[in-house]
Amino acid sequence: MLIPDYIFESSWEVCNKVGGIYTVLSTRAKTLQEAMHDRIIFIGPDFWKENESPYFKEDKQLFSDWRQSAIDNGLKVRVGRWDIPSEPIAILVDFNPYFEKKDELYGWLWENYQVDSLHAYGDYDEASMFSYAAALVTESFYNHYLDSSKRVIYHGNEWMTGLGVLYINKKLPQIGTLFTTHATSIGRSIAGNMKPLYDYLFAYNGDQMAGELNMQSKHSIEKQTALHVDCFTTVSDITAKECLELLDKPVDVVLPNGFDNSFVPKAATFTKKRKHARKRLLEVANALLGETLDDDTLIVSTSGRYEFRNKGVDVYIEAMNRLLRAKELKKKVLAFIEVPGWVGEPRKDLVDRLESGKQYDTPLSVPQITHWLHEMSHDNVLSMMKYYDMHNRKEDNVKVIFLPCYLDGNDGVLNLEYYDVVLGNDLCVYPSYYEPWGYTPLEAVAFKVPCITTDLAGFGLWANSIIGKYGEISDGVKVIKRTDYNYSEVADAIKDTIVEFSSYDKKQVDSARKKADMLSKKALWSEFIKYYNEAYHIALTKADNRIKELKLK
């Protein structure tokens, strides 16, 4: 097994918390840092001008001689540490200077790899200039400190790093290249455009669909990187099928996303934080609704990016609407939707009620939402609730509340961080239609919260494989069969599962929570890092063979 001496890993989400890949990288960093001891170097975008990144700590002593020579050669870099457990080395690079070379770079991409950048728009240019800058950082560092006696990996995440991966492939053939697509750009687009993805996957032509959905450039860079890289990877078996059909390239290794449970508070702190979260969630709900919901209320939630269909937010609301009429429901249900919308400001009337500390018996106007939104009338969540006449009336046993902000602890109403909110739940629901892996259900079970997911999520399939059958809520994870066309059955399955859970006694609840926790332990990075070692070996072997061939020439 070939083992790397150095790993350079680039991503738009290094020291930049914008999505799930931040969680993948920041939790995996601890396991890699323990193995590599400062020989794993993360490269991210530096667009923190006036406000410093809250996730980066600069250290001007670190690699100071290289940093100075890099700056002298026109590379605008800052070196420091990612402010996460294990504090791995991070280099942030300013990619703005390369926009003036954009056409030249796209020409080079076309000549060498037939990447079509003609139809580029939106974030394509920004991502490409960053990935080029990240490759230059790697090239400069390699030439300063390393040589062919060292085994080196360059790992790019998502299509955004494709240009850089291909640059390294061409300019530094002795480096083993690794590319991970966490979701194909065209697959996500097909699903997001309300087209059936799974039944027709075998019949879709990725290039043709890219033209139809105006995704040519992103699809092109992703496909060509997948075809030319030393080791092509994705995060689940379900996305591996998607890669084969839409990118015409089988993956070399599946790299499932693990978790680092140092985020999970220990015994006494865990109980204290859970009680505090429940108390706060109930306070906010009672102030908004003019109710006196108590701790016996079943608190459920869904969360993630605001992808209304892909993340299953639509079917979650549908299920709650059906639950309203479920006679067998044994408890009152408080259901939160925690997806960041186009948020305006915290509701002053709600904040005033919370600060007063009083109890109210009349609801506020629009008792379905905690923050005002820009363009309330165009919001999908509120529109669907209005369509179903879901107004959180006094007599309703199911109350649905939209929390449309990033839960960073400073939202102005709840003021709790996301993980603390998860802790307060009895049940989490993630009925995704398109979900290459699915961090939210993994995070839920790591916090001992049983959850509902689907077999269209990589995590759901993985959970089934560990449980040995389709998971039930008594196993800690309920995995619902989901297809392109069984929306209604999925809504019923969610409703039925919540009804079942509402009748559990303390012993049954404790058992489900314990099983959720046990399942999460099997998804720790310490269990999954072996797949990365396999990918590094494949990439290094190819690089070795390439150098031997070049020498023979």
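Visitor: What does serine 303 touch, not counting residues up to four places away in sequence?

Guide: This is a predicted model, and in it serine 303 touches Glu338, Val339, Tyr418, Tyr430 and Thr440, once residues up to four places away in sequence are left out. With tyrosine 418 there is also a polar contact, in which the two side chains are joined at 2.7 Å.

Visitor: And where is serine 303, and is it buried or exposed?

Guide: Serine 303 is placed in strand 10, which covers residues 298–303, and serine 303 counts as buried because its relative accessibility is 4%, where the limit for buried is under 20%.

Visitor: OK, switching to the nonpolar core: which residues touch the most other members?

Guide: In the largest nonpolar core, which has 82 residues, Trp82 and Phe459 touch the most other members. Helix 10, residues 267–289, gives the most to this core, with nine residues. There is also a second, separate core of 56 residues, and Val77, Tyr132, Ala240 and Val251 are among its members.

Visitor: New topic: how many salt bridges does a search of the whole structure find?

Guide: The search finds 39 salt bridges. One of them pairs lysine 102 with aspartate 125, whose closest N and O atoms are 3.4 Å apart. That pair links distant parts of the chain, since lysine 102 is in helix 3 (residues 102–113) and aspartate 125 is in helix 4 (residues 123–145), 23 residues apart.

Visitor: Are those two buried or exposed?

Guide: Lysine 102 is partly exposed, because its relative accessible area is 23%, whereas aspartate 125 counts as buried at 17% relative accessibility.

Visitor: Which residues are linked in a network of salt bridges?

Guide: Glu318, Arg322, Asp492, Lys495 and Asp496 are linked in such a network. Elsewhere, glutamate 307 and arginine 305 meet through their side chains in a salt bridge of 2.9 Å, N to O; glutamate 307 is buried at 17%, while arginine 305 is partly exposed at 35%.

Visitor: What about aromatic pairs, how many are there?

Guide: The whole structure has 39 aromatic pairs. In one of them, phenylalanine 95 and phenylalanine 130 have ring centres 6.4 Å apart and planes at 70°, so the pair is edge-to-face. Phenylalanine 95 lies in the loop between strand 5 (89–93) and helix 3, and phenylalanine 130 lies in helix 4, 35 residues apart. Phenylalanine 95 is buried at 2% relative accessibility, and phenylalanine 130 is buried at 0%.

Visitor: And tryptophan 437 with tryptophan 462, what kind of pair is that?

Guide: That aromatic pair is tilted, with 6.3 Å from centre to centre and 55° between the planes.

Visitor: Last one: which ring does the charged end of arginine 309 sit over?

Guide: The charged end of arginine 309 sits over the ring of tyrosine 433, at 4.0 Å from its centre, and lysine 170 lies over the face of tyrosine 113, at 5.7 Å from the ring centre.

Conventions: Residues are numbered from 1 along each chain as its sequence is written. This is a predicted model: local features need pLDDT of at least 70, side-chain atom pairs count only at pLDDT 80 or more; totals for chains, interfaces and linings use all residues. Side-chain values use heavy atoms; hydrogens and water are left out. A nonpolar core is a set of buried Ala, Val, Leu, Ile, Met, Phe, Trp, Tyr and Cys residues joined through side-chain atoms within 4.5 Å. Buried means under 20% relative accessible area, exposed over 50%, partly exposed in between (1.4 Å probe, protein chains only). Helices (H or I, at least four residues) and strands (E, at least two) are DSSP runs, numbered from the N terminus. A polar contact is a pair of N or O atoms within 3.5 Å; within protein, one must be able to donate a hydrogen and the other to accept it, and residues adjacent in sequence count only if both atoms are side-chain atoms. Contact means heavy atoms within 4.5 Å. A salt bridge is a side-chain nitrogen of Lys or Arg within 4 Å of a carboxyl oxygen of Asp or Glu. Rings of Phe, Tyr and Trp (its six-membered ring) pair if their centres lie within 6.5 Å; planes under 30 degrees apart count as stacked, over 60 as edge-to-face and the rest as tilted. A charge sits over a ring if NZ of Lys or CZ of Arg is within 6 Å of the ring centre and within 35 degrees of the ring normal.
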